[in-house]
Amino acid sequence: MQLKPSTSLSNLRGLVINSQSEQILKYLQAGNALTPLEALRKFNYLRLGVRIYDLR
């Protein structure tokens, strides 16, 4: 992904969060279980409960 000079830090955070949400959602929809430790290892995301809450 090529970033434009006008891309702000908050926009970048939004892109990362959306990407993490999509990855986690696809993983769960495939029938996989996910623990917080696995989320950290697979997706580099520590706060799985927050992401699950957002997805609901």
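User: How do I read a relative accessible area in this predicted model: what counts as buried, exposed or partly exposed?

Analyst: Buried means under 20% relative accessible area, exposed means over 50%, and partly exposed lies in between. Take D54: at 47%, D54 is partly exposed. R51, at 3%, is buried.

User: How many salt bridges are there, and which side chains meet in one?

Analyst: Start with the general idea. Side chains of opposite charge can pair when their charged atoms come close. Here the count is 1 salt bridge. The side chains of R51 and D54 form it, at 2.8 Å from N to O.

User: Where do D54 and R51 lie along the helix?

Analyst: Both sit in helix 3, residues 48-55. They are 3 residues apart, so about one helical turn separates them.

User: What about Q20: buried or exposed?

Analyst: Q20 is buried, because its relative accessibility is 11%. Q20 belongs to helix 1, residues 9-29. Setting aside neighbours within four places in sequence, Q20 contacts F43, N44, Y45 and R51.

User: Which residues make up the largest nonpolar core?

Analyst: That core has 7 residues: I24, Y27, L34, A39, F43, Y45 and L48. Helix 1 and helix 2 (36-43) are the elements that give two or more residues to it.

User: What does I24 contact, leaving aside neighbours within four places in sequence?

Analyst: I24 is in contact with L34, F43, L48, R51, I52 and L55. L34, F43 and L48 are themselves among the core residues. R51 is also the salt-bridge partner of D54.

Notes:
Residues numbered from 1 in each chain as written. Predicted model: local features only at pLDDT ≥ 70, side-chain atom pairs only at ≥ 80, totals over all residues. Heavy atoms only, no water. Salt bridge = Lys/Arg side-chain N within 4 Å of Asp/Glu carboxyl O. Helix = DSSP H or I, 4+ residues; strand = E, 2+ residues; numbered from the N terminus. Buried < 20%, exposed > 50% of the residue type's maximum accessible area, 1.4 Å probe, protein only. Contact = heavy atoms within 4.5 Å. Core = buried A, V, L, I, M, F, W, Y, C linked by side-chain atoms within 4.5 Å.
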